[in-house]
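Hello,

Here is the structure I promised to pass on. Please open it before you read the notes below.

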Amino acid sequence: MWSEILVLLTTVTVTVYLFLNTDRNFQYVRFFLLAVLLSLVISFIPAIGIEVPDIIAGEWSRIAGITSLLIVLGMVIRELRPLYARHPASFSLTPAAIMIFYPFIADVEVLKDLLNQILQAGALVITFLLYLSLAARLKFHFVLLTGIGLFSAAYLLYWFSDVTENLPWMIHLFLSFGLLTVSYSFTDIFQVIRGNG
């Protein structure tokens with residue numbers, strides 16, 4: 001479907017953009033951001049006709065992506081704090097425990113969906129709280145807010161409506177534009193962190 005190919009192209013564009021516009025001081029953030037985007041690519045690869053097992057393209061890429069996103073958010077929050085008030089960097093890696101315990105619930109569809117809903121909603125809430133704390137210092141704070149709105153719309157349509165079956169392109173459109181706006185905002189956030197350091 002054209003919308004899945006749009007998500008793939010957007011993800012590749014965002015990956016290149018973030019790789020080129022992320023400071024070398026943020027290598028660890030760059031690594032986990034690439035993991036998020038790679039998981040998104042893997043989940044949409046079947047759209048272009050390449051066979052990938054459903055368990056990899058569906059479940060594990062989603063869980064790895066949201067886990068990596070939570071790690072990135074934890075690292076960004078750590079870097080925004082003054083040097084004396086930062087928590088150890090290893091604390092930012094605590095969402096990786098999700099990957100360890102996920103196989104225990106992998107057979108129960110209801111728990112998998114509930115875990116995905118909670119993790120995705122958590123990432124949206126954390127990003128919105130990050131926006132609230134940085135809005136005054138970001139050059140284009142409205143771009144981040146727009147991206148959060150687009151991701152929220154995609155989240156709500158995917159989990160709480162029947163649009164997934166009827167109009168999946170709508171979710172893919174919100175996801176694609178959300179990726180573009182939030183990735184642009186991440187470079188703005190990195191500039192704030194650089195000024196903070």
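This is a predicted model: local features need pLDDT of at least 70, side-chain atom pairs count only at pLDDT 80 or more; totals for chains, interfaces and linings use all residues.

The fold
The chain has 8 helices and 0 strands. Its pattern along the sequence is α-α-α-α-α-α-α-α. There are 197 residues, and 44% of them count as buried. Take the contacts in the chain with a separation of 6 or more: 72% of them are between residues 24 or more positions apart.

The surface
One nonpolar surface patch covers about 440 Å². Val108, Val110, Leu111, Leu114 and Ile118 make this patch.

Helix H5
Val110, one of the patch residues, is found in helix H5, which runs over residues 109-134. Is Val110 buried or exposed? Val110 has a relative accessible area of 63%. Exposed means over 50%, so Val110 is exposed.

How does the span of H5 compare with what its 26 residues should give? At 1.5 Å a residue, H5 should span 38 Å. The end C-alpha atoms of H5 are 37 Å apart, so the two values agree.

H5 also has buried residues. Among them are the nonpolar Leu119, Leu124, Leu130 and Leu134.

Best wishes

Technical notes: Residues are numbered from 1 along each chain as its sequence is written. Side-chain values use heavy atoms; hydrogens and water are left out. Helices (H or I, at least four residues) and strands (E, at least two) are DSSP runs, numbered from the N terminus. Buried means under 20% relative accessible area, exposed over 50%, partly exposed in between (1.4 Å probe, protein chains only). Contact means heavy atoms within 4.5 Å. Patches are made of residues with over 30% relative accessible area and no salt bridge: like charges are joined within 9 Å, nonpolar side chains (Val, Leu, Ile, Met, Phe, Trp, Tyr) within 5 Å. Accessible areas come from the Shrake-Rupley method with a 1.4 Å probe; for residues, only the protein chains shown count as cover. A salt bridge is a side-chain nitrogen of Lys or Arg within 4 Å of a carboxyl oxygen of Asp or Glu. The expected span of a helix is 1.5 Å times one less than its number of residues.
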